[in-house]
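Have the model open while you read.

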Amino acid sequence: MRKTLAVVIKTVDFKDNDRMITLLTQDHGKMSAKVRGAKKQTSKLFFASSLFCCGEYGFYEKNGFFGVRSFHIKYSFANLQNDYEEYSAACFIADAANVFAQEDYAAPKLFALTINALYALDNRSVSWGTALGYYIQRLLYIDGIYPSLEACVFCESGKEFTSFSKNHGGVVCAVCAKEHGGVRIDSEFISAMKSMEDILPRDINKVKISKRIEKKLISVLIDYLEHELQKPLKSSRFIKDAL
Ligand SMILES: [Zn+2]
């Protein structure tokens, strides 16, 4: 039986008491597993099937499917549910992890990023906007789709960036913006992005971004992320409501 540290990123109920959970694991990427009797409060596995629950999972395998056999809780992240914004941000993080993680493909960086971002949200050690802005910029970096911030995506000029083009994946200079448009950004936006580049997920509470730039970062980066995915993430509308 294999055991791994994992966090629940999606749950689907079926039958009366069973639940199918999607886990982001430390060692095996994304995994789906059934939890029998998940909804009975007396069940030993009651917490194992709750969204955002994190711990060591043990599995059995039957007919090519996995089921959860054992669970030792590490973090419940139960405090996430107490505020709309923190909960929405956590849901977005879980959705994005679900889209980017692959089965049987270890993704330790994505796992560390996800756990640290959820931890920061749960503890309120940074604002929800900072946690989410950092999460998305790091996700883009890990996935190799980090936008160009050094040179205009049209003319390669290195100065006076006034816009961001999601279609071309980066900043646009004042001259090219007149012709090609894009979303308005300023030098503080670029500085905030660069300030986060050297901060590891475990140091997420060192990220310092102003409220105005948090909102800009989130809206620009979500639009860019969804453009790259070619589909919206289902929780992004809750984030846009909260901005
Ligand atoms: Zn240009």
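A word on the ground rules. This is a predicted model, so local features need pLDDT of at least 70 and side-chain atom pairs count only at pLDDT 80 or more, while totals for chains, interfaces and linings use all residues. Residues are numbered from 1 along each chain as its sequence is written, and side-chain values use heavy atoms, with hydrogens and water left out.

Let's start with the strands. Helices (H or I, at least four residues) and strands (E, at least two) are DSSP runs, numbered from the N terminus, and two strands pair if DSSP finds at least two bridges between them. Strand β1 (residues 3-14) pairs antiparallel with strand β2 (residues 18-25) over 8 bridges, and A6 stands opposite T25 in β2. β1 and β2 make a hairpin with 3 residues between them, and K15 in the turn has a positive phi of about 50 degrees. β1 also runs antiparallel to β4, joined by 5 bridges; here K3 has G58 in β4 as its bridge partner.

Next up, L45, found in the loop between β3 (30-35) and β4 (54-62). What does L45 touch, leaving aside its neighbours within four places in sequence? V35, V68, R69, S70 and F71 are in contact with L45, contact being heavy atoms within 4.5 Å. F71 is 26 residues away from L45 along the chain, yet their C-alpha atoms are separated by 6.8 Å.

How about burial? Buried means under 20% relative accessible area, exposed over 50%, and partly exposed in between (1.4 Å probe, protein chains only).

| Residue | Relative accessible area | Class |
|---|---|---|
| L45 | 12% | buried |
| C152 | 2% | buried |
| C155 | 42% | partly exposed |

The structure holds 0 disulfides, a disulfide being a pair of cysteine sulfur atoms within 2.5 Å.

Finally, helix α3 (residues 128-142). Its 15 residues, at 1.5 Å a residue, should span 21 Å, and the end C-alpha atoms are 21 Å apart, which agrees; the expected span is 1.5 Å times one less than the number of residues. Of those 15 residues, 13 are buried, so α3 is largely enclosed by the rest of the structure. After α3 comes G144, with a positive phi near 75 degrees.
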